[in-house]
Structure formats: structure tokens, C-alpha cells
Number of protein chains: 2
Amino acid sequence: MEEWNETYEQWLEWMDQGAYLNLREDLNEENPANVAEFLEELPVEKKLFVFRLLSRDMAADAFSFLDNDTQEMLVTSISDNEVRNIVDNMFLDDTVDFLEEAPPELVGKVLRNTHPETRKLINQFLHYPENSAGSLMTVEFVHLNEAMTAGRAMELIRKIGLDKETIYTCYVLDRKNRLIGVVPLRTLLLADEKTRVGELMEEDVIRVTTLDDQEEAAAVFRKYSLMALPVVDGEERLVGIITIDDIVDVIDEETTEDMEKMAALLPSDDEYLKTPVTKLAKNRIVWLCVLMISGTLSSMIIGGYQSILDEAVQLATFIPVLTGTGGNAGSQASAMIIRGMALDEVRPRDSLRVLGKEIQVGLICGMLLGTLNMVKQTIFSPATNVMVDLTVSISMGAVVVVAKAMGCLLPIGAKVCKLDPAIMAGPLITTVVDAVALLIFFNIASSLVL
Amino acid sequence: MEEWNETYEQWLEWMDQGAYLNLREDLNEENPANVAEFLEELPVEKKLFVFRLLSRDMAADAFSFLDNDTQEMLVTSISDNEVRNIVDNMFLDDTVDFLEEAPPELVGKVLRNTHPETRKLINQFLHYPENSAGSLMTVEFVHLNEAMTAGRAMELIRKIGLDKETIYTCYVLDRKNRLIGVVPLRTLLLADEKTRVGELMEEDVIRVTTLDDQEEAAAVFRKYSLMALPVVDGEERLVGIITIDDIVDVIDEETTEDMEKMAALLPSDDEYLKTPVTKLAKNRIVWLCVLMISGTLSSMIIGGYQSILDEAVQLATFIPVLTGTGGNAGSQASAMIIRGMALDEVRPRDSLRVLGKEIQVGLICGMLLGTLNMVKQTIFSPATNVMVDLTVSISMGAVVVVAKAMGCLLPIGAKVCKLDPAIMAGPLITTVVDAVALLIFFNIASSLVL
């Protein structure tokens, strides 16, 4: 990676000096991912110029590594001929990825420059629901039939292999194109030439259907340690494959989405630095408003117990630490459960076990924190009314238990209601726990302090 | 996946009925990942019995899919002979994974039953730092030399291929075992038999070193869309490869760790349901204590402004909604920055741009929330002193701006200080913002209300 940093600086220097011949030579020998990174970071007015320094092959290779904005900017500016070169050389899933995000006029420009057969496939792919296995798959795979010999299969792979995104797993289809087996290239390679594919293949093929969610596909990859996963339609016909490098993107995307929801943000696919301020604000203001309005509940509760506060205004000073601790305790529980459910380690049927655990954890943490608070107050604030200290400590223990219980139940509840558990995280839990904490606090105060 | 659920139920039924012959037959034909799942869910006293129903091959295959607890329990109970069968059939990286977590007596039992050469390798691997590329790699890879022909290379692969974790990418070494090139099996397969490997190979091989962090390795996989990544030692000698399925595990692990830190938990590798209550409590209590103690700062601030509260006790009712909104606004900003840094989209050198964005977003959100609060109060609580409402609204705007700024600066600051940015998330930000929010609030109150 350090080597690449030096190359990068060198290229910038050549740009400044106008040493474009050097730049061109170097660009065309570099890794396409690095060329794409260089293009992305260039000022807009120079992107097209540098892109045109690339050879046809490099242009197509680098294009599939570019972010959507740069891709759109380039496709808008280049000729139909150049578009054709790129699309012809890209894997279908990369083309579809680009088109899913592109504005209609660019989709038109690309489809106009595509072979009719590919165009039909692209149109079909664009109709799969977003985030479905269908929208993620590619059609470049090797398929064989049962009766073929290993030798014949290897010949076939040699002939067509170069165009396929992966030739390392071959799929065996029956006459109706239904998936009946799978055979790794490794097995074909090591087998006697005359053995029939039918004898070499494994029959129980793990698969997903086009309409399955991409998270489901990722879960299958995780569980079975796969490198590629076949996708079938409603009639069990093989229509595509998903490769593991695309699954890495899915995992990153889904995790980002979870983290955004957990932080009370509307999820977005855009990179932070490339998102305009207004869009950032829009993604945040919704939850901030909802939470502020629901936070009013806490104000109303405090208002309702005004008389207690008037009697012992000292109590008010403990509100933030009590609600804060409750919120933290709840956030901890919800984060663990949300993550556990995302990795399929915790399921709704485990609710009772989870609740049991959380209540025990809550009791341990609550008692420790309550005691710690009592000790701290006795040493550092001996002047405070002991009954006030006792109220705070007892409330602290109770609030932590309740917060833990709510922190695990709300995400599981969301899952049961087919909502995304990730919204039941820190911010929402904190707001709910605030209100409950205040009720507990004032009720204990009214019996102990008054 | 549904089919598997039915099989699972069938197996449980056979267990109850004592139909072990049926069970054995079925187990040995199932996918090893499913067999491992079944074993994991069985009660402890039945695990060993069922494990012994497995054929030698299936026992070894299923073992590498098992969680650490079940692996340890089995290795403790089985004979040296059985241990040898498993270790002989596992890939080296899976063996090392198991040994890294195992107690010393089990490490001894395994090493005793390993070929001396493998034992040497294992010992070497166990010395790589945890979470380094070295601890993640496997030694099962194919290596060629420049002078070989493609035909000879294919012959070699046929002969040794079956034992290698991946034969799809072959590495070219010089006489001193230094990595000088890479050639995909696909290229060898499609090339003329007589072409020399030196002509087919690509020379600029992307690589990591044994001591690089696994996160670095994951970043390289992401950027270059790789399926396997070679690992070299300090002398550029090839010592292992990392395959992408292991990277998926790394990504999941690192994300879980980030989420745990972001929710003020000590990170842990254990699955939630398998972690004992005391350990869960231990992982949580540390941060809860730290945050409770720092939360005392807020209490002290409120205490310090007691005189203002005495004058206008109404102010107290707005404390939770103000600190709550500030905490939420800060959590949003920090979550975006932490995630952006984890994906390498935001770097410390972007600090000023990020701060600029966050202040603008803060101003937009802050003004909207302040206005919303004013409108809400005027309509629903016309009785409240207008100056109190104004204090709350102005504070709200100011607090949101400050919270956004702190939410982005603290994680970047942590990164600069070589700390994990993930600890500067929701809970910590909330606690800090609470104190700042109160200072802002009481200062504005003292000029407007008194």
C-alpha cells in the first residue's frame, strides 16, 4: 500500500507538469482499482481527460471500480462508442449495479449501446426487487450436463471460460435448465477424463431464489463457507450465481445500514464526504424531531411531580446521571441483541432465555452501581440528605434492571413485527428509559423523602 | 434452508427414538456445516455420542465448523487416535484458530498428535500477534517457478492440488522463495501448454506482511476485489495466503467489536447466548461505572446553578429533552464518522471538511428543532413563561451544533491518538454533551430568565 502512495504522488506531479505520456504509460500498467481511486480524487474537470488516456481494456476494468458519481459523470460525457466498449467488457452484475443508481437518460444511453441479448437480460435484472438475490447475481457462469465426460467438460471450460466471472464452480443442469448438481473445477481437473460429470457432481446443491433477500444470501455464505452461490427461479431453473466478493459488499452495506439505524439516522448508500449537507441534515432531522417530541414525555413527568421537586430540589441534580445510566444500560443490551440477531445467533424463539439473562445481568450491574453511588455520596457529599441518596441508589438499581429488560425485548419485538430490530437501539431506548426512570425515581422519592 | 429445518427435526426425532442407524446414515451424507449446527445444539451429554456416529471424513469436516466450546469439549473427551484423524484432515488455519482459544492441556493433546513438521508450523503460527495477517493465513497454497511451462504447472497442480485450500490462484517464487508473480489457474488452463509460467504471470502482486493487522488485510481485499491474498515475511518470502472466506469472518468480527465499543461494552468474541451472565455483567459494568461517575459532572453543574432553578423551577422539566436531543445529535455524527473511518472513506486529513459539514448540518437541524420547540410550547403549553421557552429553544439550537461538532471531532481525535474511534460513540458522547448542554442552558437562562 505504501508503494501505491508513492505512485499516486508521482501521478499528481506528472499531472501538474503536463507529463501525460509518462502518466498514460504508467496508468495502463497499474491495478485498475488504483486507477479508479486516482480518477475519483481528481477534480471534475480533469477526470474525463485522464479517463481518455486509458487503453480500452483499462478503461473498462477501471470503470467497474469507480463510485457511482464518477461513473455517471463519465458516461454523460463520453461517446456512444466508448460506452459500448465499457459495457461489452463489464460483467453483467457490475453493469446492473451502475444502472440501478443511474438517472434515466444514462440508462437509455447505456442500453442503446448494448447487444440486444444483453439488453434483455439487463432489463430483466433491473426488475428484481432492490436488495434481492436476483439483483445481486451475475449470469456469467459455467454450466454442464450430467452425461458429459470430465474431459469434455474441461474442453468446454477452456473454450468459454474466459468470459465467465467464475469458472471455479461449475453447475450441472438437466434438460429443462433445472439445477441438479455442482462440481468444482478442482474435481474435474483431478478426475479421470472419461468419468461422467454425473458421477462427479454433488447433488444437494445449496441455493437461493431470485426473490430471497441479500441478507439471506449472506447468511448462507457465512454458514457454509461458500465461494459462489447459485440462484434459481420459481421453477428451480438456474438463472445466475452470486460470488463471494459481492457478498463482502452486501455485508458492509447491511452493517452500515444497521449502524445508521442504531444511531437514529435514516440509512443512506452514499459515502459521507460525498453527501451534501442538506441530505445529511434531512437524514438526521426526522429522528431528532421524533425523539425530541417523545422526550417531552419526560418533561411532562417531571412537571407532574413538581411538588416533590419543590420539597427537595436536590433531587433534580440526580436526574441526568440516573437517566444517563439507564440509557447506557439499555443501549448495551439492545446493541448485543441487535447484533446477535443480525448474525443469526439470537432468534425470537430465544426471547425467554434472553430476558432471563438480561434481568440477571441487570440485577448484578444495578446492585453494584447503586452501592457505588451510595459509597460515593457518603464520602464526597456527606451533606446530602441520606434519604435522597437512598432514593437515588435504589432507583439506580431498579432502572438498570428495567432498562436491560427493555433493551432486549424491544429489538426482539421489532423482529417479531417484521420491523428492523436496528431501530430499537440506543437513541430510542434512551428516550423510553428516560421516562420510565423518572417514574421510578419520583415514586421511590415520594415514599422515602417526603 | 427450510429443507434443512425438516431434516433437523427428523434427526431430533430419531435421537428420541434411539434410531441411531438411520441417524448415522443421514448425518454422514449431510453438509458438514449442518452437522456441526446439530452437534452444537445437542445437550452436552449427547454430543460425544453423536460425534462418534460420524465417519472419519465427516468428523474432521464437521469439526472445523464447530464453535470453540464444542470443539474443546470433544477434544477433551476423544482418544489420541481420533484427535490425529481430525488434525490430519483440517486446514492449518482452522487448527490454529482452534488452538489460539484452547486451554494449554488441549493444545498439548493436539500437538502431541500432529506430525512434527506440522507441529513446527503450528508453533510458528501461534507466535504471530493476535489479529495479524500471520495468524489468519494458511500454508496450503500452490507455488510454481518462472521457468516451468503451463503444461508442467497443470501437472503439478493435478498432483498436489487436492490438499491445498485454494488452487485457483498460483504463486510464482524465485529461488529464495521470494514472491515474484501470480498466475490464476484460469490463465494456466487457457494457455498453450508450452508457454512458460514467467510469461503468463502478473508481476505486481498485491501482498501483505505477516505482522500487518487483519483489518488492513480486509481493506486490501475490499479495494482490489480479491479472492486470495499472499502473505510475505520481512524478507519478501511467501509464507502463506489468506482466503476471502476468512476475511468475511474478520469483517464480521471487527464490525461486532465496533458495535460493542459503540454501545459502551467491552468487546468479546463469544456468542451472546453462550456467554455466562457473570461475563456479560463484567463486560458491561466497567463502562457503566465510568459513565456514571462522569455523569456526576452533570449533577455538579445542576447543583452549581441551584439558585437559578430555585427562581424558575420550570426550567428543570426541560433538562431531559435538552440533554437527550444533544446526545442524539452527537451520536448521529459520531456513528457516521466512526463507520466512515472503518471503511476508509473518512481519514484524519479530512477533519476540517468534516467539521465544516457537521457545523452546517448542526445549524440546520438546530434551527429547525429550536423553532419546532417554540411552536410546540406556544400551542400546547401557553402558560409557560415565554422567556423559559426562548431559553430552551436557543439552547436547543446551540446544543445541537456543539454536539455535532464534538460527535465528529472526538472519533477523529481518537484515531489520531491511535485509539479505536469506536469508543467515542453514543454513550461517551452523550455523557460529555450532557455536561456541555447544561452549561449552555443555565448560562442562557441566567441572562434571559433572571
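Eight salt bridges are counted between chain A and chain B, a salt bridge being a side-chain nitrogen of Lys or Arg within 4 Å of a carboxyl oxygen of Asp or Glu. One of them joins R222(A) to D252(B), with the closest N and O atoms 2.4 Å apart. This is a predicted model, in which local features need pLDDT of at least 70 and side-chain atom pairs count only at pLDDT 80 or more, while totals for chains, interfaces and linings use all residues. Residues are numbered from 1 along each chain as its sequence is written, chains are lettered from A in the order in which they are written, and side-chain values use heavy atoms, leaving out hydrogens and water.

**Where the chains meet**

- Between chain A and chain B, 24 residue pairs are in polar contact, both residues being at pLDDT 80 or more; a polar contact is a pair of N or O atoms within 3.5 Å, where within protein one must be able to donate a hydrogen and the other to accept it, and residues adjacent in sequence count only if both atoms are side-chain atoms.
- Helix 17 (residues 277–304) of chain A gives the largest share of the side of chain A that touches chain B, with 17 residues; helices (H or I, at least four residues) and strands (E, at least two) are DSSP runs, numbered from the N terminus.
- In contact (heavy atoms within 4.5 Å) are 110 residues of chain A and 110 residues of chain B.

**A sheet in chain A**

- Three strands of chain A make an open sheet in the order 4-5-6, with mixed pairing; two strands pair if DSSP finds at least two bridges between them.
- At the edges are strand 4 (208–209) and strand 6 (238–243) of chain A, each pairing on one side only.
- Strand 4 and strand 5 (residues 228–232) of chain A run parallel and are joined by two bridges.
- V208(A) has V231(A) in strand 5 of chain A as its bridge partner.

**A sheet in chain B**

- Chain B has an open sheet of three strands in the order 1-2-3, and the pairing is mixed.
- Its edge strands are strand 1 (141–144) and strand 3 (179–184) of chain B.
- Four bridges link strand 1 of chain B to strand 2 (residues 166–173) of chain B, and the two run parallel.
- F141(B) lies opposite T166(B), which belongs to strand 2 of chain B.
- Helix 12 (residues 150–160) of chain B packs on the sheet, touching strand 1 and strand 2 of chain B.

Terms used
Axes fitted to C-alpha atoms, helices over the stretch in contact; angles between N-to-C directions.
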